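Open the model in your viewer and keep the selection panel at hand.

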Amino acid sequence: AVLNDLAVRAGLKYFGAALGEGAFQSDSTYASLLRDTAEFGQVVPENGMKWESTERTQGVFTYGSGDVSAKQAQQSGQVLRCHALVWHSQLPNWVSGGTWTVETLTAVMESHISNVMGHYKGQCYAWDVVNEAVGDDGNWRSTVFLDTFNGTGYLPVAFNLARAADPSAKLYYNDYNLEYNGDKTDRAVELVKLVQAAGAPIDGVGFQGHLLVAGTPSRSNLAAALQRFTALGVEVAFTELDIRHTSLPAPASAYATQGDDYANVVGACLDTPNCVGVTVWGVTDKYSWIPGTFEGQGDALLYDANFTRKAAWTSVSSVL
Ligand code: XIL
């Protein structure tokens with residue numbers, strides 16, 4: 001069990017994993033592996049800090065699920081990434097379906113951000129302040145936030161509220177499909193610039209890294225995409241890495257390709273000064289969000305469903 005040790009020796013701050021709250025509490029094999037700090041030096045709650053978990057009812061804050069990750073990080077001395085504050089998904093209907101003005105929605109954001117960040121104050125290395133604000137076509141994603149503000153004005157508001165709530169946390173924009181360096185990546189670059197131009201704080205950009213076997217960009221193309229952001233003065237990280245087979249069962253050769261793809265991602269981070277770490281979105285193929293969301297796809301992680309290391313694990317350990 002060595003991926004975090006290798007990553008730190010290679011100059012990263014951490015190699016980490018998402019903590020699945022259900023599996024962590026029900027499966028001791030899973031929990032032991034997640035607790036192994038030689039393997040995982042960082043954790044992030046898979047669901048426990050999302051809006052629907054922390055403020056399902058307006059003004060009623062619940063931290064039981066998020067605290068599982070925070071306690072685990074504290075007990076083992078793991079870096080804690082915190083996820084996510086302003087996001088259109090897993091957002092309670094009282095927010096997404098509410099009738100708001102800029103003023104009333106700002107008050108809702110202020111209450112949510114100050115309470116949740118306040119609860120975890122001083123514990124989060126980074127917070128995903130805004131998640132997935134751009135659509136795959138490169139247009140701003142239509143959400144209750146964009147629509148109420150009639151544009152992107154909610155972005156600097158969110159980052160300013162976050163800085164005020166916990167000045168010790170790095171404030172991230174986090175999204176998927178930034179890896180392909182297309183229109184969506186262009187728009188995310190614009191996002192960082194517009195937050196900066198508004199005088200609001202932004203410290204990092206998370207590349208989620210939900211990628212496809214045989215569809216993952218090369219190491220140099222991935223590094224080029226990361227470096228568009230570090231050129232703006234923010235750090236970057238891969239925050240939710242998984243690389244899925246698009247059809248199952250897959251031949252052994254596809255598991256080797258998956259290993260090459262993983263090595264490209266980790267290698268691109270190593271090639272990028274200010275790429276601080278890599279987080280996998282799960283530990284084992286036994287528990288992964290992929291099959292439930294992308295029908296017929298999966299086997300996206302580093303350990304198989306029996307907790308055996310896959311070719312991808314070996315490949316990551318070799319590149320580190
Ligand atoms: C996923 C979780 O893994 C699932 O358990 C949940 O049902 C849905 O959300 N982008 C994100 C993550 O930022 O929060 C998502 O996590 C995956 C996509």
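Colour the chain by pLDDT, the predictor's confidence in each residue from 0 to 100. The chain mean is 98, and 100% of its residues reach 70 or more. For the complex, the predictor gives an ipTM of 0.99 and a pTM of 0.98. This is a predicted model: local features need pLDDT of at least 70, side-chain atom pairs count only at pLDDT 80 or more, and totals for chains, interfaces and linings use all residues. Numbering starts from 1 along each chain as its sequence is written.

Select 235-244. This is strand S8. Helices (H or I, at least four residues) and strands (E, at least two) are DSSP runs, numbered from the N terminus. Is S8 mostly covered or uncovered? Mostly covered: ten of its ten residues are buried. Buried means 20 or more other C-beta atoms within 10 Å of the residue's own, with C-beta atoms placed from the backbone.

Strands pair if DSSP finds at least two bridges between them. Find Val-205; Val-236 in S8 stands opposite.

Next, select 210-212. Strand S7 pairs with S8 in the parallel sense, over three bridges. Here His-210 faces Asp-242 of S8. Trace the chain from S7 through helix H11 (219-230) to S8: this β-α-β crossover is right-handed. That is, with the strands pointing away from the viewer, the path from the first strand over the helix to the second runs clockwise.

Finish at 275-280, strand S9, parallel to S8 over three bridges. Val-236 stands opposite Cys-275 there. Show helix H12 (252-270) too: S8, H12 and S9 form a right-handed β-α-β unit.

Methods. A residue is buried if 20 or more other C-beta atoms lie within 10 Å of its own, exposed if 12 or fewer, and partly exposed in between; C-beta atoms are placed from the backbone.
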